[in-house]
Amino acid sequence: MNAMKTLNKRQKTVMVITITSTLLLAILVGGQLLSIDRIVTNLEFRNHPPSFSHPFGTDWLGRDMLTRTLKGLSVSIVVGLIAAATSVIIAVGLGIMAATMGKVADAIISWLVDLFLSIPHIVMLILISFVMGGGMKGVVIGLALTHWPSLTRVIRAEVMQLQTAEFVQTSKRLGKSRWFIAVNHLLPHLLPQFLVGLFLLFPHAILHEAAVTFLGMGLSPHQPAIGIILSESMRYLSTGMWWLAFFPGLCLLLVVRAFDILGDRLRSFVDPKRANE
């Protein structure tokens, strides 16, 4: 009976992962494939409220807001994934170094973690983006350099626990190098943490990207990003054009929530303890 319940829970987890992954992939691919004809200036259709022909309405230049939103989400997803993946790679590397390269390396990396955690993400992100010249490059680098500290602590603790395992101790007694142990023993066990960390860091990355772009320090105004759409819509809200901010903001929250659910389900799927809860 318990085995059946566990199987059902895992089936539900797989179903949720499949649905959310399909939804996010559809948004990413759909945003890339949509024609730009519906987001060119067409003053004949400007300021139209939501309708069957324009479900999200049109803006002050007659551009279809549904198309702009999907393209903006597509850009934000790409930026968030690149930044989150880079940040996770940094966290895994530093976490392994802190746990395996002695007390000096551990102290230095722990100090760096505390330093980055003591500064608000958005402040550090703005500074790095400004120094790197803004644009997509500045935002990606800023996101990657500000979202690794918390995961680094988790990886460090996981590696320190793995070092007490019998197979690692056996390799040490056989004279295997630290590099051999890291590549053959530690990295395979850290792969689940890498994947889960990627999907859990993404919501933070995409929200911070939108916030920095909203403040004018992120992506170029010529790129269809959610932060730009929300920033531009602020000046028209007082005229009653509520749909310019409502639908893009709602879609952004749904995408972030979808990634959050995906990361949580993946963590349950790869963690035997949580899978049987």
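Trainee: What should I know before I start?

Mentor: Residues are numbered from 1 along each chain as its sequence is written, and side-chain values use heavy atoms, leaving out hydrogens and water. The model is predicted, so local features need pLDDT of at least 70, side-chain atom pairs count only at pLDDT 80 or more, and totals for chains, interfaces and linings use all residues.

Trainee: How many aromatic pairs does the structure hold?

Mentor: Rings of Phe, Tyr and Trp (its six-membered ring) pair if their centres lie within 6.5 Å; planes under 30 degrees apart are stacked, over 60 edge-to-face, the rest tilted. The structure holds eight such pairs. One of them is F56 with F247, which is stacked: 4.6 Å centre to centre, with 10° between the planes.

Trainee: Where in the chain do F56 and F247 lie?

Mentor: F56 is in the loop between α1 (2-33) and α2 (65-100). F247 is in helix α10 (residues 243-270), 191 residues apart from F56. Helices here are DSSP runs (H or I, at least four residues), numbered from the N terminus.

Trainee: Are W242 and W243 stacked or edge-to-face?

Mentor: W242 and W243 are edge-to-face, 5.9 Å centre to centre, with 85° between the planes.

Trainee: Which of these residues are buried, and which partly exposed?

Mentor: Buried means under 20% relative accessible area, exposed over 50%, partly exposed in between (1.4 Å probe, protein chains only). F56 is buried at 14%, F247 at 15% and W243 at 6%. W242 is partly exposed, at 45%.

Trainee: Which residues do ring pairs link into a cluster?

Mentor: The cluster holds F56, W242, W243, F246 and F247.

Conventions
Helix = DSSP H or I, 4+ residues; strand = E, 2+ residues; numbered from the N terminus.
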